[in-house]
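Reader: I am new to this structure. Please take one part and walk me through it closely, then show me what else is there.

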Amino acid sequence: MTSSIDGREIQARDGETVLDAARRIGVAIPTLCRGEGTRPDGGCRLCLVEVEGEAGLRAACHTALAAGMRIATRSPRLDALRREILALALHESGDYPFEPDPNGSELARRMSEVGVRTATPTADAPRVIDASHPYLRFERAACIACRRCLHACDEIQGQFVYAMEGRGAATRLVFGLGDSFAESACVACGACVDACPTGAISDRDRASGETAERSVRSTCGYCGVGCQIDVGARGDRVVRIDGARDAAVNRGHLCVKGRYAHGYREAADRLTRPLVREGGRLVPVSWDAAIAFAARRLDEIHRRHGPAAVGAMTSSRSTNEAAYLLQKLFRTRFGTNNVDCCARVCHASTAEALRTVTGTGAATTSFADIERARLIVVAGANATEAHPVIGARIKQRALAGVPLIVIDPRRIELADYAAAHLQLRPGTNVALFNALAREILESGSEDRAYLRERCEGADELAAFLATQDLDAAERATGVASATIRAAGRRIGAAGPVLFVHGLGLSELTQGTESVMALANLAMLTGSIGRAGAGLLPLRGQNNVQGNADMGGAPSHLTGYQPVDDASARARVERVWGAPVAATPGATIPEMLEAAARGDLRALWIQGEDVAQSDPNETAVRAALARLDLLIVQELFVSETARYAHLVLPAAAALEQDGTFTNAERRIQRVRAAVPPPGEARPDWRAVQDVARALGCDWRHGDPASVMDEIARVAPRLFGGVRYDRLDGDGLQWPCPDAMHPGTATVHAEGFVRGRGRLSAIAYRPSPEATGAEFPLTLVTGRVLDHYNVGTMTRRTPSVALAPADWLDLHPSDASGLGLADGDRAAVASRWGSTEARVRYTDRVAPGTCFLTFHFPETHANVLTGPQRDPQSDCPEYKVTAVRVTRAQHAQGESR
Ligand code: SF4
Ligand code: SF4
Ligand code: FES
């Protein structure tokens, strides 16, 4: 039966409210407490409507539109009531001088629509604003207690910062135990700022009063989630960043970095001119001189020492187009495959494992599967800190009752919401995954039809697992056998399952094996290629996926085409018009070792600070210092740039056009919202300039033209990718032709390699064994407020949120060492030593400790060693044996 709203016929849809139905047909109903993306609160009653045949009124925001209902949204009675309700709400909130304004805040617009003014505006009264937080602001007098911030905080971020205190007119918003943002548990995602209709909760950018002249849709330049942002710009300044509400990736949500940490752009030490080393100092030169220098020195070194003496590291910080051009330059002009990217030191193990298991070294699934999953396993990924928008989505599913199993050596935030936390010893993933696989088989809950029809190696795996012992797994991992058994059976019973993993699996000497052992679980449960399930590796930096896709790998050309495959080479050579060497080049660790030996003499590094981010820092710095030529494209004189002979000033993500590819293989547009400062240039252009100076006939007028070439070089993955198809939510590869819609779930029709491969993998303990000399295991990782080596975030107000590094120690270990909370400790490994202040926390288990790698003051990577995964060459960041002692400084002394 048809319904009607204000006389307009409408078919009721299942679960649709009167408010949503009215919006669908363009009928506006005034609302106040109803926020975007949250459940209706139902408190303000401004959305009251009349229902034919009913004496009472109904709140449109939480009344389902039933078949046959006849709704009136406007009438003299409703108009009068709304005026009364709004006036009362304003009266109860005090005498704040709210003014109706059709272009103002949401409340001001509502006042204007409904026809309400505040009774006694006291515009001259002093404003009391809580500005205790580096980004957020709160003006209590402007709060009308609508609870929208509370709903946003609870239902989008899951942080539960807010509560309401008191009743009636005395109701007030409180921030947990404290009374200010600074004291609260706020993570500054800004969801409450978006939700607040009055501006009572605001932020530093909005409070500055600077209004945007234009809004540019782009992609966040921080992590691999790839949130879509609307960048408000004025002149050459970014004045605010909002989450794009219509974006599939983030649906309006952002984290503190993507929304607020953009001030680095205007830092006083931002590079604005090329720098060349002269007499031991970096001195400014013109771009012409810089390009000529780069071309001349690269050519000289190549001529004198051959292709093996030159190499390049493309950048996850830069665009696909820039990464593509740099690897092409070295492959075609210098005949070397010495090109690699920082995927080597994060998810190379994941790529290697998934390529072996499935035929494609990337996520098999999409972020949207988080909301479809029946059970989520998060292994070695601290998503709420490192991938906050995805972390919040996983948290919301757990809060909604979807079982979550967390596998992590630390009690990370998600563990607080998990049905089970398997707190294994660092580096023992293989032992644990084998034990879980054994339990799935023992309980008979494996997906036999899936294994029979789609996989190979299941019998060999079963035979191997039959030889494995649950008690041995308990001894290796430290997880009680009963906990392993229960988790294994739960995973088996729930299949298909969504497996989310991170660097805690890949940055290990058994990284590839860890991911393959996880993939065994995914195949036993029939999870790969199914909706709401599969393998979802969370990529670290914004474009680490794209960087590897573009050919930032010594063994693979663009689109993962093996260099030792003659037909792949021939296809690429046809487009490039130049031969490609058939032998794989050196990985990042191998290039650094070659540099240390004097075999690699020229290195071009695009936007990576390897002197801080790569393991065994002392050896990395020694290698950089030996180079005859180091070219660095950077925003600042980074630790790596200090060793450079040429520094090329780069455009930041907010200042250039191009594309990034996120962790779910989604290629999205990056658009310049503001120009780069001074003479800084987008990386792709600088690479092309040098290529042309070296005689290459490259004529790309813009990054779109580079993408057209990429599509021709790797048609199986990118053949249908063109800029005019990337508006909106972009395209997920594989996208082989112009009509292809992109691929949300890979391997749905069968594995790319034919059959999915299960493997029997014996657990090998890490070579970083603890003992009397180095009794603790150090894990390194990230915190929410900073990013990578902190180059950008440490030049923003985020520094106030996380000013320095902490050595997280379990209280039992710390007190046994005679270290009090806040004491300064010396940390030594077999490879180096540093100092940091101790923080007591039971989020690390006894016997383990934690440091970030964000701070050059701590430079945690002096501690990590040279061991690498033999299959992927990915370093062992997550397991380092260390000794912790009291530092030779006063107790509690801070840096
Ligand atoms: S701060 Fe804003 S969103 Fe929160 S209750 Fe007050 S008026 Fe509503
Ligand atoms: S989650 Fe990642 S991509 Fe999204 S806003 Fe935060 S840093 Fe940017
Ligand atoms: S908007 Fe419906 S009750 Fe407030």
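Author: Two strands count as paired if DSSP finds at least two bridges between them. The model is predicted.

Take the pair β33 and β35. Strand β33 covers residues 806–809. Strand β35 covers residues 833–840. The two run parallel, and 4 bridges join them. Within this pair, Leu807 stands opposite Val838 in β35.

Now widen the view. Both strands belong to a barrel that 6 strands close. The order is β32-β36-β33-β35-β34-β37. The pairing is mixed. From one strand to the next, the twist averages 45°.

Next, the nonpolar cores. In soluble globular proteins, nonpolar side chains tend to be buried together. The largest core here has 110 residues. Leu86, Tyr162, Ile201, Phe367, Ile376 and Ile394 have the most contacts inside it. Look at Phe367. A second core is separate and has 68 residues, including Trp604 and Val690.

Last, the ligands. Around ligand 1 there are 14 residues. Cys143, Cys146, Arg147, Cys149 and Cys196 are the closest. By class, that shell has 11 nonpolar, 1 polar and 2 charged residues. Ligand 2 is surrounded by residues that include Cys220, Cys223, Cys227 and Cys255. The shell of ligand 2 divides into 9 nonpolar, 2 polar and no charged residues.

Notes: Residues numbered from 1 in each chain as written. Chains lettered and ligands numbered in written order. Predicted model: local features only at pLDDT ≥ 70, side-chain atom pairs only at ≥ 80, totals over all residues. Heavy atoms only, no water. Near = heavy atom within 4 Å. Nonpolar A, V, L, I, M, F, W, Y, C, P; charged D, E, K, R; others polar. Axes fitted to C-alpha atoms, helices over the stretch in contact; angles between N-to-C directions. Core = buried A, V, L, I, M, F, W, Y, C linked by side-chain atoms within 4.5 Å. Buried < 20%, exposed > 50% of the residue type's maximum accessible area, 1.4 Å probe, protein only.
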